[in-house]
Each structure stands twice: as C-alpha cells, then as structure tokens.
Amino acid sequence: MQNCFSAEGPLARHVRGFSVRQPQLDMALAVSKAVAKKGNLILEAGTGVGKTFAYLIPALLSGKQVIISTGSKNLQEQLFYKDLPALLDMLDMAPRLALLKGRSNYLCQYRLDKQMMEASSVDARVLDDLLKINQWAGITKDGDFGGLTSVAEDSPALVHIRSTKETCIGKKCEAYEACFTRKARLRAMEARISVINHHLFFADTQLKETGFAELLPDADVVVFDEAHLLPDIAISYFGQQCGSKSINHLLQHILAIYQQELKDTGQLESFSQRCLQKLSDWQNLLFAYGESDWRRAMGIKEIAMASWAIVEELNALKAVMQAHVGRSDELDLALEQVVELISKLEVFFHCENSQAAYSIDYGTHFLTLRLSPMNVAKECEQLFTKQTSWIFTSATLQVNRSLSLFANELAMQDAEQLILDSPFDYANQSLLCVPRELANVNHKAATVKQMVEICLKASHAAKGRTFVLFTSHSMLSLVARELSTRLHYPLLVQGQDSKQGLLKKFRQLGNAVLLGTGAFWEGVDVRGKLLSCVIIDKLPFVSPDDPLYRARAELAQHRGQDPFMQVSLPQAIIALKQGVGRLIRDERDKGVLILCDNRIVNRPYGQAFLTSLPPMARTRDLNKAIALLEQC
C-alpha cells in the first residue's frame with residue numbers, strides 16, 4: 001500500500017496531477033488491515049480523500065473474492081467501465097471482473113419469444129419496440145438493457161420481456177442454457193471482483209431465504225460504497241410491499257390466459273373482471289382520502305370494507321382457478337401468485353405487527369402498501385456473518401463526530417470505526433452564510449418571497465452557476481414559478497428532464513440555475529467554475545407525518561429516549577451533509593453555501609449540525625457572501 005500511494009508508485013506514474021494524500025493512504029491501510037484480519041470497518045472519508053482507489057487497490061491486491069456494492073447504477077458503471085480497468089492497467093493485473101445488476105435489468109428470452117408468438121394481439125406501438133428488442137436480442141452478449149439504445153427506457157414493451165422471479169420456470173425453460181440472468185450469475189461466481197448495487201445485495205439475500213437460486217457468490221470481502229443509504233434500503237427489503245400495479249398486472253395476465261388458452265372457461269374472465277373492479281374502487285377511495293398512514297386508513301370503515309372486498313373476490317377467483325389446475329402451466333403459476341397475494345394482503349389488512357410502520361405511497365396512477373420494520377439490527381446481525389469481511393464507507397456517515405448511530409443501526413458495533421476528514425482547505429475555499437433576519441421556515445409565503453430574493457441576488461452575483469436545493473416539491477414549485485419570470489439566466493427545474501439530462505444541460509450552458517429536491521442532494525459531481533453557489537431552503541428534517549418516522553419515534557419513546565435527538569436530528573444531519581457536499585468537489589473549487597434557515601444558529605441542536613459539517617468559514621452577512629460570489 002505504501003508503495004502504491006507513494007510519489008514513485010504506479011498511481012503517480014499513471015494519474016495526471018497525482019499528489020500523495022495521507023488520508024487516502026490511511027484509508028487504504030485500514031481497508032487492507034480489515035481484509036487481512038477478516039475484520040469489519042466503518043469509515044467516513046470526506047470529499048477529496050480519494051476513497052474509490054483507497055478500497056479498490058486493497059481489494060485487487062488481496063487475491064480474495066470481493067463484492068463491491070454501490071448505492072447507484074451510475075457509480076456501479078463508473079467503477080466497472082472506468083476505475084477498475086484503469087487500475088488493472090496501472091497494477092498490471094488481469095483478474096476476472098463481473099458487473100451484476102438486478103434481474104429486471106436483463107432480457108428474458110422465454111418471455112420475448114412468447115410475446116413475439118402473440119404479436120397479432122399486441123398494440124402497434126408496443127409491437128414496434130418489441131421488434132427492435134428482438135433484433136437487439138440477436139446481437140447482445142449480456143442481455144443488459146443498459147446496452148439497448150433503440151428503445152426508450154420507459155417503453156411499455158420492457159415490462160413484458162424483463163427477467164422476473166415470478167415468471168421464471170428454471171430448467172424447464174427452452175432458453176435455460178442461453179439465459180442472460182443465469183450467465184450473469186455464472187460470471188459473478190467465476191469473478192474475483194463483482195460490482196453490484198445495494199438493492200441487488202438485499203434482494204439476493206431475500207432470494208436465498210425463499211429458496212430461489214441466488215445471484216451472488218459468497219464473497220470473502222464485501223465493500224459498501226455510498227453506505228449511508230444502507231439503513232433505509234435494508235428497511236425496505238426486510239419489510240414487505242404490495243402494489244396495486246402488480247395486482248392489476250397479475251389480473252390482466254389471468255385474463256390473457258383466458259383469451260389465449262382457456263376460452264371455454266367464462267368464469268375465469270368474469271371473476272377476474274370483478275377483481276379488477278374491486279381493485280379500482282379501492283384504489284380510487286384511497287386516492288380520494290389521501291391518507292399516508294395505512295393503520296389510520298384501515299380505521300376508516302369505508303376503506304376497511306373495500307379492502308376486505310378485494311380479498312373476498314380474490315378467494316372466489318382462486319376457487320375458479322383451482323377447478324382448472326393442470327390445464328395450463330401459465331394458469332398454475334398464476335394460481336400460486338394469487339394464493340401468495342391473498343396471504344400478503346391479509347398481513348396488511350390485519351395490521352398486527354406492532355414493531356413495524358404501515359404506510360401508503362401514492363404514484364401517478366397506482367399506489368403501494370409498505371410494511372417497514374422500525375429496527376433492522378436483528379436481521380443485519382444474521383446477514384453480516386463472521387465468515388466475510390464487511391467494509392462500509394461514505395463521505396457522510398458521522399453525526400457529531402461519531403459513527404455509533406450507523407454502527408448500531410446495522411448491528412456493527414464491533415467494527416473498527418474511522419473518520420478521515422477531507423484534505424480540502426474549506427476555510428479558504430468556501431463560505432457558509434446563514435443570512436440575518438430570516439423568516440420563520442413555517443411561514444410559507446414569507447419564506448418563498450425571501451428565497452426568491454436570495455436566489456436572484458446570489459445567482460446574479462455568481463452569473464448563474466447555482467444549485468438551489470429544496471426539502472419539498474411544493475416549495476420548489478412556488479420558487480420556480482417566481483424565478484421563471486425574473487431570472488436573467490437559464491432556469492433548469494427538476495421534472496423538466498431526467499436528472500442526468502438536467503446535469504448535462506447545466507454543464508453545457510455554464511451559466512444556469514438548477515432547482516432540485518432529494519435526487520440532487522447526493523450523487524451529483526459538478527467541478528470547477530461551473531458551480532459556485534449552493535442554496536438550501538431549510539434544514540432537511542423528515543416530515544413528522546412520515547409513518548416510518550412516527551414508528552421509529554414511538555420505539556425511541558418506548559425505550560425512554562428522545563425521538564428528536566435519536567431519530568429526527570441524526571437523519572437531518574446526514575441529509576444536510578449530502579447537500580453541502582455538492583459545493584466543493586476538488587482542491588481548486590471555490591464557492592458559497594447559503595442556508596436559509598436560522599435554526600442552525602439559534603437553536604441548541606444547531607451545534608450538532610455545525611460540528612458535523614466541513615470547517616467552512618462562516619458569516620451572517622449576505623452581502624459578504626454576494627461579494628465573494630462576484631469574485632469566484
């Protein structure tokens with residue numbers, strides 16, 4: 001390690017502008033030690049430490065089988081296509097690598113063939129895309145939709161030809177030998193380094209528990225980058241969910257079986273249609289009430305009756321399907337799914353788990369019921385076994401200079417804990433401004449007016465080159481409407497294009513102002529003079545109406561703890577650090593962060609935020625911040 005990161009090492013010889021960074025070497029040594037001793041490590045590495053190379057090089061030189069897991073597909077692909085090939089060239093190594101995504105990212109040849117056989121009954125626009133996919137299927141080597149450019153990412157055709165565990169018939173499939181999902185797993189089993197993402201890691205864990213063939217090998221070492229995302233992802237996977245879209249899809253599939261195979265079974269059609277009607281009535285009722293807490297929703301008599309009416313109709317449909325068992329493989333498979341669905345809905349409708357939060361997520365046309373455990377430490381204890389070395393790293397893990405909150409959430413109290421601060425000179429590169437005389441964040445009209453004025457002054461001084469980050473879509477919309485008629489620079493607003501599309505435009509324009517919510521608080525890297533100012537509307541506390549927050553708060557209270565200090569504050573600190581991290585991305589960057597929330601300076605808990613943030617220079621004088629922006 002000392003040699004690799006030295007002034008005469010391979011990095012120095014191959015990386016333009018390389019300089020020896022002590023925190024990077026310290027991280028590489030800590031990772032090497034954990035791998036060698038089969039230990040566990042939780043490590044926060046501030047922006048600029050160079051954490052990617054600091055864990056990849058020990059992983060490569062260890063000679064062990066390693067899984068690298070990321071929070072996003074963007075980082076996953078950057079590691080596989082850019083960082084790992086570059087390092088292998090520098091180190092003169094050639095181990096087998098594998099890029100593995102969730103099975104829905106791969107083409108299912110069986111489902112595609114089935115769709116092509118039924119082409120005469122397919123909508124013309126969907127058929128056009130299916131023909132393009134069929135052409136691509138003949139030339140693709142891995143079946144990864146990431147390489148499919150002839151069809152839009154949101155094409156409805158993709159729903160019908162993705163690989164799914166529900167439609168997989170395993171070795172009975174004629175395409176078993178050619179199966180892209182199976183081949184991807186084989187590559188991972190043979191690879192020394194596999195690059196995956198957190199969702200696949202937890203999904204794979206669930207598959208192992210339910211007896212399906214798992215995708216991932218049992219590795220010697222697992223490294224989680226962007227590890228701050230793990231607790232919430234773990235909660236979603238150790239919980240349950242049931243969406244009206246998937247129920248609708250199952251019922252439509254049963255109708256298709258009737259149309260194509262069992263035309264003599266009229267009851268199959270009528271009972272499926274009755275289920276679809278009950279589903280529609282139930283969904284419309286929930287959208288009308290708009291209640292996000294499922295327990296409270298089930299306390300409304302009308303919703304409870306509509307909910308149990310769906311189960312009643314599904315049981316009637318199940319009886320009809322059971323009368324025709326053996327006549328169709330597709331129907332037999334659908335019957336298993338109906339039985340599983342009824343069981344799942346009964347779990348949600350009884351609401352008996354006192355250690356979980358029950359919530360409803362509303363989409364554009366469909367909704368999803370979620371059951372989320374308040375605490376996943378027990379599940380994590382069983383998952384993170386002693387046979388493997390577990391390494392967790394991110395730029396944002398510590399709260400008030402401690403990693404214990406993260407360690408406790410994942411039952412990793414025995415892991416070595418290390419905080420490596422950024423090597424950037426924040427005191428001279430950046431300025432944190434919390435303007436004086438800010439309006440109360442709860443007074444929306446005054447806050448909007450104030451945000452607009454601050455955005456206009458700051459973006460004018462910065463000649464565009466500004467991110468404005470919001471904690472809510474409603475505030476974003478109100479400020480965007482006002483700025484659209486008053487701003488003299490290009491205005492890019494979340495929702496106008498994809499996240500990557502907006503970022504590309506921001507970089508190309510060079511003088512734009514971009515408005516975004518949660519998606520833009522992390523995983524965004526704009527370096528140099530393209531970005532000089534970040535404005536944040538308020539401290540990102542989770543809504544007190546969020547069902548999972550309420551459940552966690554109740555659990556903390558039950559344990560005699562303060563819910564605000566134990567749940568709300570730590571989450572907000574991590575989220576704020578993510579937003580602040582957009583400003584300074586390398587040692588030459590300079591910029592101003594404007595936080596439009598004076599609670600950080602006039603409330604006792606504000607100090608916990610300030611202690612957790614990088615050591616930026618600070619001011620309450622907005623004019624001083626404006627003057628600095630004019631010089632950036």
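Reader: What should I know about the model before we start?

Author: The model is predicted, so local features need pLDDT of at least 70 and side-chain atom pairs count only at pLDDT 80 or more, while totals for chains, interfaces and linings use all residues. Residues are numbered from 1 along each chain as its sequence is written, and side-chain values use heavy atoms, with hydrogens and water left out.

Reader: Happy with that. Why is Gln24 called buried?

Author: Buried means under 20% relative accessible area, exposed means over 50%, and partly exposed is in between (1.4 Å probe, protein chains only). Gln24 has a relative accessible area of 4%, so Gln24 is buried. Its place is in helix 2 (residues 22–36); helices (H or I, at least four residues) and strands (E, at least two) are DSSP runs, numbered from the N terminus.

Reader: Which residues is Gln24 in contact with, leaving aside its neighbours within four places in sequence?

Author: Contact means heavy atoms within 4.5 Å. On that basis Gln24 is in contact with Phe5, Phe18, Val49, Gly50, Phe53 and Ala54.

Reader: Let's turn to the rings. How many aromatic pairs are there in the whole structure?

Author: A search finds 27 aromatic pairs. One of them is Phe201 with Phe224.

Reader: What makes Phe201 and Phe224 an aromatic pair, and what kind is it?

Author: Rings of Phe, Tyr and Trp (its six-membered ring) pair if their centres lie within 6.5 Å; planes under 30 degrees apart count as stacked, over 60 as edge-to-face and the rest as tilted. Phe201 and Phe224 are 5.0 Å centre to centre with 90 degrees between the planes, and the pair is edge-to-face. The pair links distant parts of the chain, with Phe201 in helix 8 (residues 198–210) and Phe224 in strand 5 (residues 221–224), 23 residues apart. Phe201 counts as buried at 6% relative accessibility, and Phe224 counts as buried at 0%. Both belong to one aromatic cluster, which also includes Trp390 and Tyr237.

Reader: How do you know that the charged end of Arg182 sits over the ring of Tyr176?

Author: A charge sits over a ring if NZ of Lys or CZ of Arg is within 6 Å of the ring centre and within 35 degrees of the ring normal. The charged end of Arg182 is 4.7 Å from the centre of the Tyr176 ring and sits over it. Likewise, Arg274 lies over the face of Phe271, at 4.7 Å from the ring centre.

Reader: What is the order of the seven strands in the open sheet?

Author: The order is 13-14-12-15-16-11-17, with parallel pairing. Strand 13 (491–493) and strand 17 (617–619) stand at the edges because each has a single partner strand, so one side of each is left without a neighbour in the sheet. The twist averages 15 degrees from one strand to the next.

Reader: How do you know that strand 12 and strand 15 pair?

Author: Two strands pair if DSSP finds at least two bridges between them. Four bridges join strand 12 (residues 466–469) to strand 15 (residues 533–536), and the two run parallel. Leu469 has Ile536 in strand 15 as its bridge partner.

Reader: And which strands does strand 11 pair with?

Author: Strand 11 pairs with strand 16 in the parallel sense over four bridges, and three bridges join strand 11 to strand 17, again running parallel. The bridge partner of Leu431 in strand 16 is Val592, and Leu432 stands opposite Arg618 in strand 17.

Reader: Which way do the residues of strand 11 point?

Author: From strand 11 (residues 430–433), Ser430 and Leu432 point one way and Leu431 and Cys433 the other way, and all are buried. In a regular strand the side chains alternate between the two faces of the sheet.

Conventions. Axes are lines fitted to C-alpha atoms, for helices over the stretch in contact, and angles run from 0 to 180 degrees between N-to-C directions.
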